[in-house]
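Reader: I have just opened this one and would like someone to walk me through it. Could we begin with a charged pair and then move on from there?

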Amino acid sequence: MKDLLQVSPITPARRIVDDVDAMRALAHPDRLAILLYLLSAPTRTATECAGHVGASPSACSYHLRELERFSYVERADGDETDGRVRPWKAAAVGFSVGKDRSDGSPAAQAARHAVGPAELDENSRLIERFVTAADDLDPSWQSASDFHTFELLVTAEELKRLNDDVARLMSSYRAPVRAGPPDGAAAVHVVYQAFPRLDAS
């Protein structure tokens, strides 16, 4: 499964995280949720993050400082105001936990196994939140939202090319770098997963 934080190498601002301690910092589900939340808008405060994550503003301030320590986030415009109202922003347009999944070192494997459950939990939480509220959304957003499943027959090289094509298609819409979005634009959560179908055994 592709990491939620991983984007294609063609995205210039993508940051590869290869420090094991930095990888493990994302294993905390609230911390990962906060980072993904920051990737969906120019800036957020600890109080805004608290409303999204379901943690206290002080807990979110702590998590933001930990994310800052590992260069995932930064204070917007060097702001030094009170921690609960200080604006934060993602330090890059996307992150990859390790260069790719072919890194079989014990440390990288352990870090990926720690982050993986947090990724799955956050994705499931966002899907559940959407499904619960979907009937109350504006009809235009109801019709625009979709879940697709495709079963493909490809080589590893073809899959890599497809992954790069999808990333290229989405790159200009990424929230942290999109300048002057049109009226009506809203944060949208997109999860793209492409992995070999494995037998149950």
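Reader: Is Arg69 buried or exposed?

Author: In this predicted model, Arg69 counts as exposed, because its relative accessibility is 55%. Its salt-bridge partner is Glu66, and the closest N and O atoms of the two are 3.1 Å apart.

Reader: And what about Glu66, buried or exposed?

Author: Glu66 is buried, since its relative accessible area is 15% and the cut-off for buried is under 20%. Both Glu66 and Arg69 belong to helix H4, where they sit three residues apart, which is about one turn of the helix.

Reader: How many salt bridges are there in the whole structure?

Author: A search of the whole structure gives seven. One of them joins Lys160 to Asp164, with 3.4 Å between the closest N and O atoms, and these two residues are four apart in helix H7, again about one turn of the helix. Lys160 is partly exposed at 49% relative accessibility, whereas Asp164 is buried at 17% relative accessible area.

Reader: Which parts does the pair of Arg197 and Glu151 tie together?

Author: Their side chains meet in a salt bridge, 2.8 Å from N to O. Arg197 is in the segment after H7 and Glu151 is in the loop between helix H6 (139-144) and H7, so this pair ties together parts that are 46 residues apart in sequence. Arg197 and Glu151 are both exposed.

Reader: Changing topic, which residues have the most contacts inside the largest nonpolar core?

Author: They are Ile34, Leu35, Tyr72 and Val73, in a core of 31 residues. The elements that give two or more residues to this core include helix H1 (20-25), helix H3 (46-53) and strand E4 (87-90), while H2 gives the most, with seven residues.

Reader: What about the surface, which residues form the nonpolar patch there?

Author: That patch is made of Leu137, Trp141, Leu169, Met170, Val188 and Val190, which together have about 540 Å² of accessible area. Val190 is found in the segment after helix H7 (156-171) and counts as exposed, with 52% relative accessibility.

Reader: And which residues form the negative patch?

Author: Asp18, Asp19, Asp21, Asp100 and Asp103 form that one. Asp103 is placed in the loop between strand E5 (94-97) and helix H5 (106-133), and it is partly exposed, with a relative accessible area of 31%.

Reader: One last thing, what is the phi of Ser71?

Author: It is near 65°, which is a positive value in a residue other than glycine. Ser71 is located in the loop between H4 and strand E3 (73-75), and with a relative accessible area of 39% it is partly exposed.

Notes. Residues are numbered from 1 along each chain as its sequence is written. This is a predicted model: local features need pLDDT of at least 70, side-chain atom pairs count only at pLDDT 80 or more; totals for chains, interfaces and linings use all residues. Side-chain values use heavy atoms; hydrogens and water are left out. Patches are made of residues with over 30% relative accessible area and no salt bridge: like charges are joined within 9 Å, nonpolar side chains (Val, Leu, Ile, Met, Phe, Trp, Tyr) within 5 Å. Accessible areas come from the Shrake-Rupley method with a 1.4 Å probe; for residues, only the protein chains shown count as cover. A salt bridge is a side-chain nitrogen of Lys or Arg within 4 Å of a carboxyl oxygen of Asp or Glu. Lys and Arg count as positive and Asp and Glu as negative; His and the chain ends are not counted. The place of a charge is taken as NZ of Lys, CZ of Arg, CG of Asp or CD of Glu. Buried means under 20% relative accessible area, exposed over 50%, partly exposed in between (1.4 Å probe, protein chains only). A nonpolar core is a set of buried Ala, Val, Leu, Ile, Met, Phe, Trp, Tyr and Cys residues joined through side-chain atoms within 4.5 Å.
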